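Dear colleague,

Please find below the structure that I am handing over to you. My notes on it follow directly after.

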Amino acid sequence: VYSASGRKRFNVLGALNAITHEIVTITNDPYINALSVCDLLRKLATKHANEAVTVFLDNARYQKCTIVTELAARLKIELIYLPAYSPNLNLIERLWRHVKQQVLYSRYYDSFPKFKVAITDCINASQSHGKKPLSSLFSLKFQIIEKSQIFNE
């Protein structure tokens with residue numbers, strides 16, 4: 001079970017395994033698009049050749065187009081799209097927030113290659129098992145807001 005999302009500013013498309021916290025990424029310098037998603041799906045299919053793979057995605061157009069859905073079907077990867085405006089349900093959004101905090105906030109990079117290395121190093125360091133802050137960050141506890149919490153009945 002993977003949670004996938006892209007970050008256009010970073011040009012990284014990633015998938016986070018909800019159980020093992022393994023991160024699989026695709027980087028693409030010009031921009032993230034449907035072909036990038038297809039590359040990620042192929043990478044996941046190869047990595048889990050004889051296993052069932054389910055990927056939870058947000059509703060980005062490049063993730064819902066025909067080329068992506070047809071490839072996922074051929075690779076026997078189940079795609080589940082999360083409700084709109086619900087980044088709290090997408091585990092990898094927590095990783096992107098962590099990367100931003102570690103790499104972007106109050107940091108200056110004098111070259112784009114150094115910036116890319118900082119992001120890659122942060123993502124790779126996030127995969128180290130046993131890191132307490134990250135294990136709680138990737139927990140399967142989600143905040144669900146009940147209708148009764150929004151409207152007084």
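A residue is called buried when its relative accessible area is under 20%. The model is a predicted one, and by that cut-off cysteine 38, at 1% relative accessibility, counts as buried. Cysteine 122, with a relative accessible area of 10%, is therefore buried as well.

As to the cysteines, the structure holds zero disulfides. Cysteine 38 is accordingly in no disulfide; the nearest cysteine sulfur belongs to cysteine 65 and lies 6.6 Å away. A disulfide would require the two sulfur atoms to be within 2.5 Å.

Helix H1 spans residues 34–47 and contains serine 36. Is serine 36 buried or exposed? Its relative accessibility is 1%, so serine 36 counts as buried. Leaving aside residues up to four places away in sequence, serine 36 touches Leu13, Ile26, Asn28 and Tyr31.

Helix H3, which comprises residues 66–74, has Val68, Leu71 and Ala72 as buried residues. These three cover an arc of only 100 degrees around the axis, and therefore sit on the same side of H3. Ala73 and Arg74, on the other side of H3, are exposed. The buried residues of H3 are covered by elements including H1, helix H2 (61–64) and strand E5 (77–81). After H3 comes lysine 76, which has a positive phi, near 60 degrees.

With kind regards

Definitions and conventions: Residues numbered from 1 in each chain as written. Predicted model: local features only at pLDDT ≥ 70, side-chain atom pairs only at ≥ 80, totals over all residues. Heavy atoms only, no water. Helix = DSSP H or I, 4+ residues; strand = E, 2+ residues; numbered from the N terminus. Buried < 20%, exposed > 50% of the residue type's maximum accessible area, 1.4 Å probe, protein only. Contact = heavy atoms within 4.5 Å. Arc of directions from axis to C-beta.
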